[in-house]
Structure formats: C-alpha cells, structure tokens
Amino acid sequence: MKHIISACFFLFSWGVFSQNVTVTVDQTVTLKEFFKQIENQSDFKFAFTDQINTSQRYFTQKNVYTNIDIKQLVNELNKNTSIQFSIVGSNIFVKQKAVKTAKKKNKLTGQVLDENKEPVIGANVFIIELSTGVTTDINGTFSIDVDKGIYNLVVSYVGLKNKERQIAVDGDERIKFNMESDSQQLEQVIVTNSKAVDVRNTQMSVNKLSMAEIKRIPVAMGEPDPLKSLLTLPGVTNAGEASSGFNVRGGAADQNLILLDGAPVYGDSHMFGFFSIFNADVVNGLDLYKGGIPSKFGGRVSSVLDVTQQTGDFENYKVNGGIGLISSRLLVQGPIQKDVGSFLIAGRASYAHLFLKLADNNNSAMFYDINAKFNYRLGANNTLAFSGYFGNDVFDINDRFSSTYGNTMGILSWKHKFSENLNTNLAVFYSDYKFNLGLQQEDFDWNNNIRTYGLKYGFNHVVTDKFKLNYGIDGQYYNFNPGTVQPTSLDSDFNYKQLDKKYSLETSAYLDFENQITPKLNLRYGLRYSLFYRLGDETINTYADGKAVVFNPLYHIYEEGTPTGSISYGKGDKISSFDNLEPRVALSYAFSDDASVKASYNRMAQYIHILSNTQSPLPTSIWTPSGPFTKPQLLDQYAAGYFRNFKDGDYSFEGELFYKKIQNRIDYIDGADIVANNNIEQVILNGKARSYGMELSFRKNTGNFTGWVSYTLSRAEQKTPGRTPDEPGIANGDWYLSGYDKLHNLNIVGSYEYNPKWSFNANFTLQSGQPVTYANGYYEFGGINIPNFSLRNENRLPLFHHLDLAATYTPKPDKKKGWQSYWVFSLYNVYNRKNAASMTFATNEDTGANETRRLSIFGVVPGISYNFKF
C-alpha cells in the first residue's frame, strides 16, 4: 500500500511539473497579474509571505516565455528578479531573496572615440545583463561600478554605428571604444535625432539637431543652414524671410547667447540674414537651451545656442565640399602627427557679385568665411585645442554706399584629466564683431565694433554614479566702440568724431549638482554668482532729477533731456557695478522607462544690450553695457512638461508650458534716433517684458519616413509705464505686443528614403504675422499727407507661410572609398507665397492718393548643389 501511495504521488507530481504555459512579463506587469497568467493555464496556486506586495512590479525587463515548462520558468525567473520562486507540490511559494553581504564593487571605466579619434560626448553605454547604462562626458569617458562577472556592453550614438563588446570584469577595468560613422545614415537621407526622448534626464527645454537633419531641411538658396534649421523647432521664430537673428520664446535676438566652441559670437548672419555664419560642413552639432539652463551658462536672458565644430581626423587626410548656385565651400582635414595632432580648415565664399559684373551692374554683394581647428594630444591626460573663425561681408551699391562687417573669433583650450572622475577645461578666447559703413557721396566712413577678451575654467567631477558636480569660473572684458566718424576727403561736410568708447568687466562663478535621488527621481540644482563693472575712461552726463528723458505735457510726448553737467572717469575707474545671484533648479520624475514629467526654474542676468528699435537686428546695431541709465535685464523663467516615448522609442512626444518675466527691458521713445547717438540714454526707457505659452512636439524617429511636427501657442508682451502719474509711458503704460510675438507657430518636417539613391524632404511653416504699427489716418501739413499711426504694435502683418521641398540624389550609394558625391535639388516657397516683410504708408507722387505698400522678399526660389568628398 505504501508503494502504491508513493507511486500515485509521484505520478501526480510529474503531471503537475510537466505542465507548460505561455507567459509575458515586463516592467509594467504586477505580481498579481503574473499569478493570474499562471493560474489560468495550470493547476498551480501561489503562496507568499507578508513581505511580498502583489501590486508591485518586480520584473525589470521584457520577456516572452512560450510553451515553457513550469520548472524551467521558475529557474529563469529566479535569475532576473529580486524575489525567490520555489515549487512544492502544486503550490508555488514566493519570498524575498536573502540580502547578500555587501561586497566591493569593481569600477568599469572607459572612453568612446569616433573615427577621428575624437571623444564622443553623450554616447550611451548600456550593459545588457544589468539593464542599465551611462552616458559619456565632455571627454567621451564613462564610469560605472559593477560586480565581478562577464558583461555585454552596447555603445550607441546618433550618426555612428553601434558597437558591442563582451567584457570580463575581475577587478577595476578600463576599455576603449572606437566608433565608425554610419555612412548610410549620414550620407543618404534618414533624418534622425536621438532615438527617443531621455525621460530621466533633468534637462528640459533643450533642442538638439544633428548635421544629418540640418543638411536635409530645405532652405532658401539651396544651402544647408544650421541657424535656419532652428526655426523648425518649437518656440523658435525670426522676424521674417531674409532676416538675421532668431527669437526664442518671445525674446529678442540680443537675448540669445551664441557660442562657437565655447567662445561668444555677436553677428550670426551673412548678407543681412540670407545665410548664417555657420558652415554646415564644419558644424558637428548644436544644442539650443530655451529654459532650465545649466549654471555654467550666463549673460543672456532668452536662450543659449551652443555650437561645436568638428575635430580634424587624426589618421587620414580627407576633403569634402559643395558647389551651389550662390556659394561654394571646401573642407580639408587630416593628421599633423598621426594619432597625436590633427587639423581642420574650411572655407566658404559667395560669387553672386561676379554675375552682377558680367551684367554691367555696378552693385556688388558677397561674403566669405574661414573655419579652423587644431588639436594636439599631450599624453593620455592632456589635450590642447585651438578653434578659430573669420568671416566678412562686402557690399558696394552704385559706388554710393559700401559696407564691410563680420566676426573674428579664436579660442585656445587645455583639457586635463586629474583622474577618472575629475576633468577640467581651461580656455582663453578673443571675439570681435565690426561694422564699417562708407557713404561716398557724403565723403565719410563710420565704424563700430565690440571686442571681448575672456577666460573660462571649468571642472567636471563625478563624485559617484548618482552624484555629479560641475563648477568653475569665467570672466570677460568688453571694449565697445559705438562709432568713429571719419571724413574721406577735404570736401566732406563731416568732421572726425569719436563717440565715447565704453569698457566693462563681467565675472562669474558657478556650481551645479546632478543628483539621482531615486531610480525615478532626478534633481539638478545650482547657483551662479555674476558681477559686472562699467569702467572708465568715459565722461557721463548728469541730468536734472537723474532723468535723461523728459516728458513734455504740452505735446504729450517724450523728449531728450538736457545735460546739467558731467562726471569724468579715468581709465579703469568704476562707473557702475552690479551683482546678481542666479539660482537654477530642475527635476524629472519618471513614471516608467517611457514617460516622465519635468519642471525647472532659472534666473539669469544680462548686462550687455543691443541698441536697435527694429525687430530684426541689423549689422549697424550697436552693443552697449549696463550703466548709470541702463540697468541689467533680469529673467525669471518657469517651465513644466510631459515627455513620452512610444513603441520602444519609434515615436516620441514632448509637451511644455513656460512662463517668463524680464525686468529692465530697454524700450525706446517714439522717433528715437539711435545711430551715432553719443547720448543714447536720452532716447531709452526701462520697462519690463513677459512671455508665456505652450510648446508641443511629436517625432517619428525610425523607418524610411521620419520627421517631426512642432506647434507653439504663445504670447510675448512688453510694458513701459510712466515714471510718474502724469506720464503715459509707452502705449499708455499698458501691456502691448512685443515685436517678437507669434501667437501661432506650426512647423512640419518630413524625410522619406525612397531607395538608396533617392530621398525626399519637405518643410512647411505657418506663423502669425509679426506685430506692427499701421497708420490709422492722415493729416495734411504743407500740402503733404502725413500718416498718423496707431498705438505701438496694435496691428499685425498678414499670415506667414510657405512650403519647401528638396530631393537628394546619390549616384553611387554603395561607394565608400575614393570620390563620393550627391546632388541636392530644392524649391523654397513652392506655391510662390508673397509673404509680407513690411508695410509702408506713403503718398503716390503721380496721383496724390494715400497708399499702403507691401514689401515681399522671396517668391519661389529654386536651388541646386553638388556635394562631394574623397
């Protein structure tokens, strides 16, 4: 009888154990849901201790077990979860795994380099067995603590081929990854940014564009343009076609800090806005910070555009370039000393002026620029680098008007690694922007410029995997020349005049923490302390009651005040000083691996300003420092957003709300004359500004068809109240639309890879017309009709929109060596929309009738370029 019972028990147990089930688990499946899957397909029941929470999600990765034996399933689950499963008869017992005694971790460190042996910043290093990863720092290095064992690492970065390697860890290990270009992605058509939104990173309100994307976005004249590509992003607009500068979240162009390899540049365009100064062949990538700006950046209150240049190849000589309808470009790079030093030199020039001369046209318009970068490795822990830029525009109109303007920039940096966890970057730079104007009929030249000399010293300190520290100091010395008027002949009606030069010093120190509080909650917080000194040699006027602008109650207008005296300051004497604490904080909370919310706050101070009463800054626009009559602009910005990836990152969504307010925004009295004005304080008032809105962005990241849709709903306003109850201020002291307000801003960008030879791209833009002031009537004076204007910016230009198309043809897509080429054919403004750049109000000379005249810059513009490399 005993043997029969034992046999029956054995047969019963064998029947139970031999049951097969199909189970799916991932990070979203609770233990209760897992129990239900098993119990619905088998005779097993679950038992568990009080420590087990069946509503909790214990599974850390997705697995599908098809027709698997129960015993085998239990063994697999015990390998990958923090709980222990065991089978006793027809029951499955669940309990917490015993906590193992803590043991010393091994440090796995390494560096990721591209094919030019240059560090890859922001590469993802993922450890498959641990389902975790890290990103590389500014030196391309990473560090993570792991247990002894064998691990498979996958390194990925946009535009580079994934690299996978198996590493055996038995003590501290250091490895190096050399990445190769993904030639199909970069040279064909696939538009791709990061594969998905980084939901855990605290950084928000930042847009990144790869050069693969930039080169495929159709633009006027058919030339790829990094700066114009920004206009397809949410929250970014400009003053219209062929206009310089860009506006971020309702801010002015001078409120954007533009950095090229860490050095500031002040002029961002060629040919009055037709082209940007950034050569697409040289640019490695760009990051636009609109909010949540890290503490290391300062000096502007709207945005930071951080542009980096490529590094020359350390092993092979390479040449690439392009020939277009308006301009051509050429880039040469290679080793100075193999694996030790490299160089990169690129040039670009336009030749439209040659066609004008062939047509016997005396007008001339051209630009040229040169980019250079040199790198030298001084051993494993030290690198010297020099980046430089020189660009000029030359205009000559009928021998009556001539102009030359442009940027010169150079930065020398030394990167030093003290240890695996501490890196530094010491840099000195020089930046100069100049504008020269010659009026031949008046026989005089007018020149102005701004020069900056600076130093930066930054530290990047990885304290632990969950705590990082960035800190540093920087300083800039400014030399402002608002204008030098110089006669060019003895018959000139103008005498030599030097407007008062201005000098200032801006210094700051910053501290920034990145802290992973929990696996779901990340926090970044920091502080920047800035100081600004307005320095002599200069003479400052004094005015009655300290008011350089006075109000005339009789005519109800503001007028220039009359100086009552002056104060002279010697060279280096302090005229004014300002200091500000600029706190920053940002956090992200991840609901899952695919969704998170983020929020940020930042305060920033801006001590230098452009004097321009036009929406689009002109080359004649003059920079001026804060001082006795011009206070620093102070920004407070709040932002919150929701971020989500769909279908393993194939699609991504970003939605943000923002609100920002600015104190001490410069405003101008009606009829202000700012050109060659030595007493600019007599035409400006201090007001305030605010903007708020919603930004939405949806991306398709993978497949033959990729692209994004961005939409911004926002409002930008300015207010300059009267200084006393008797003064009206500007626009009666009420909030009025700033010149940068665009209520609606929609962009649709798409890219389709038809086959390896052909790809197609499209860009559609629709914006509200910019605010302007229209004439609301006329009055007669001396027999002439004079327009009478409404309140400031009370009207709008017509709706702005256009569709652009481009096609890329690669004759030999499989060719990877020797001469490689492709053609780009483009049509800007396909349906020939006559978008209004401005409206003018005048009287017809022949009929005497009042007229409103609309100026349009572009109709349909075809473009073609031939691009090559070898």
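**Close-up views of a predicted model**

**View A. Phenylalanine 275 counts as buried, at 4% relative accessibility.** Buried stands for under 20% relative accessible area, exposed for over 50%, and partly exposed for values in between (1.4 Å probe, protein chains only). The model is predicted: local features need pLDDT of at least 70 and side-chain atom pairs count only at pLDDT 80 or more, while totals for chains, interfaces and linings use all residues. Residues are numbered from 1 along each chain as its sequence is written, and side-chain values use heavy atoms, with hydrogens and water left out. Rings of Phe, Tyr and Trp (its six-membered ring) pair if their centres lie within 6.5 Å; planes under 30 degrees apart count as stacked, over 60 as edge-to-face, and the rest as tilted. The count by this rule is 33 aromatic pairs. One of them joins phenylalanine 275 to phenylalanine 367 in a tilted arrangement, 5.2 Å centre to centre with 40 degrees between the planes. Phenylalanine 275 belongs to strand 19 (residues 275-276) and phenylalanine 367 to strand 25 (residues 364-377), so the pair ties together parts that are 92 residues apart in sequence. Helices (H or I, at least four residues) and strands (E, at least two) are DSSP runs, numbered from the N terminus. Phenylalanine 367 is buried, with a relative accessible area of 0%.

**View B. Tyrosine 659 and tyrosine 692 form a stacked aromatic pair.** The ring centres of tyrosine 659 and tyrosine 692 are 6.3 Å apart, and the planes make an angle of 25 degrees. Because tyrosine 659 lies in strand 43 (residues 651-668) and tyrosine 692 in strand 44 (residues 684-700), this pair ties together parts that are 33 residues apart in sequence. Tyrosine 659 is partly exposed, with a relative accessible area of 34%, and tyrosine 692 also counts as partly exposed, at 32%.

**View C. Histidine 270, in strand 18 (residues 269-270), makes a side-chain polar contact with aspartate 393.** The separation in this contact is 2.6 Å. A polar contact is a pair of N or O atoms within 3.5 Å; within protein, one must be able to donate a hydrogen and the other to accept it, and residues adjacent in sequence count only if both atoms are side-chain atoms. Histidine 270 counts as buried, at 1% relative accessibility. Leaving aside residues up to four places away in sequence, the residues that histidine 270 touches include Phe275, Arg348, Phe367, Tyr389 and Tyr405; contact here means heavy atoms within 4.5 Å.

**View D. Five strands form an open sheet in the order 13-20-21-16-17, with mixed pairing.** Strand 13 (206-210) and strand 17 (263-264) stand at the edges with a single partner strand each, so one side of each is left without a neighbour in the sheet. Two strands pair if DSSP finds at least two bridges between them. Strand 16 (residues 256-260) and strand 21 (residues 303-309) run parallel and are joined by five bridges; leucine 259 has aspartate 306 in strand 21 as its bridge partner. In the loop between strand 16 and strand 17 is aspartate 261, whose phi is near 55 degrees, a positive value in a residue other than glycine. Aspartate 261 counts as buried, at 17% relative accessibility.

**View E. The largest nonpolar core has 30 residues, of which Leu230, Val236, Phe246, Phe278 and Leu305 touch the most other members.** A nonpolar core is a set of buried Ala, Val, Leu, Ile, Met, Phe, Trp, Tyr and Cys residues joined through side-chain atoms within 4.5 Å. Elements that give two or more residues to this core include helix 5 (211-214), strand 16, strand 20 (283-289) and strand 21. Strand 20 supplies the largest share, three residues. Another core, of 26 residues, lies apart from it and has Leu437, Phe444, Tyr478 and Ile622 among its members.

**View F. Helix 3 (residues 70-80) has Ile70, Leu73, Val74, Leu77 and Asn78 buried.** These residues are on the same side of helix 3, because they cover an arc of only 135 degrees around the axis; the arc is that of the directions from the helix axis to the C-beta atoms. At the N-terminal end, aspartate 69 caps helix 3, with a side-chain oxygen 3.0 Å from the backbone nitrogen of lysine 71.

**View G. The peptide bond from glycine 536 to aspartate 537 is cis, with omega near 20 degrees.** Aspartate 537 lies in the loop between strand 33 (521-535) and strand 34 (538-543).
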